[in-house]
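Colleague: I am new to this structure and would like to go through it by question and answer. Please show it first.

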Amino acid sequence: MIKKGRWHSLFGYAVLLIGMASAAHASEANPLKDFRWENRVVVAQLDEASLTEFEAELERQMVKLKEYRLVVIAITNEEIKVYGSGEKQVSNEGLKVALVEQLTGMDVALIGLDGGVKRRFTLSSFSWDNVYALIDSMPMRRVELRAQKRI
């Protein structure tokens, strides 16, 4: 028979372990938490041939990526590449699986400042102009533009 004091200790320990497990699961469930409220994120799953073309277009978009506070995460079979932010790095396999889950069968996803998926695209329907127009229609972007006295 377990004495009352020991039961409370075991119960407390079990609650602590469950809490730690759910905190770990929550951080895995939100692979982009480090970007939240700082950057919008475009997640793209690409094959090697598409990556080359995508990177060439990214070079032309760098000024706008900064203006729109966008970070781009490209996922290939081999690696995860981050563009537009030298401060945050992502690199593990668990993260790769979590990022691909954000796409839900599509090739590209736009994630807002709040961490929510705003739109998913196929690679053939994706364009930077569409992304910028979508962001410009968002309330947080309107606040940014007002603060910059651009609207």
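Colleague: How much space lies in the second largest pocket?

Modeller: This is a predicted model, in which local features need pLDDT of at least 70, side-chain atom pairs count only at pLDDT 80 or more, and totals for chains, interfaces and linings use all residues. Residues are numbered from 1 along each chain as its sequence is written, and side-chain values use heavy atoms, with hydrogens and water left out. A pocket is an open set of points on a 1 Å grid over the protein atoms alone where a 1.4 Å probe fits, with protein on both sides within 12 Å along at least five of seven lines. Its volume is the space filled by probe spheres set on the points, and for the second largest pocket that is about 190 Å³.

Colleague: Which helix gives the largest share of the lining of the second largest pocket?

Modeller: Lining residues have an atom within 4 Å of a point; here they are Ser50, Glu53, Phe54, Glu57, Leu123, Phe126, Ser127 and Trp128. By type, they divide into four nonpolar, two polar and two charged. Helices are DSSP runs of H or I with at least four residues, strands are runs of E with at least two, and both are numbered from the N terminus. The largest share, four residues, comes from helix H2 (residues 48-67).

Colleague: Is Trp128 buried or exposed?

Modeller: Trp128 is found in helix H4 (residues 128-136). Buried means under 20% relative accessible area, exposed over 50%, and partly exposed in between, with a 1.4 Å probe and protein chains only. Because its relative accessibility is 6%, Trp128 counts as buried.

Colleague: Which residues have the most contacts inside the largest nonpolar core?

Modeller: A nonpolar core is a set of buried Ala, Val, Leu, Ile, Met, Phe, Trp, Tyr and Cys residues joined through side-chain atoms within 4.5 Å. The largest has 22 residues, and those with the most contacts inside it are Val42, Leu70, Leu110, Trp128 and Val131.

Colleague: Does Arg69, with its positive phi, count as buried, partly exposed or exposed?

Modeller: Arg69 has a positive phi of about 55° although it is not a glycine, and its place is in the loop between H2 and strand E2 (70-75). Because its relative accessibility is 28%, Arg69 counts as partly exposed.

Methods
Ala, Val, Leu, Ile, Met, Phe, Trp, Tyr, Cys and Pro count as nonpolar, Asp, Glu, Lys and Arg as charged, and the others, Gly among them, as polar.
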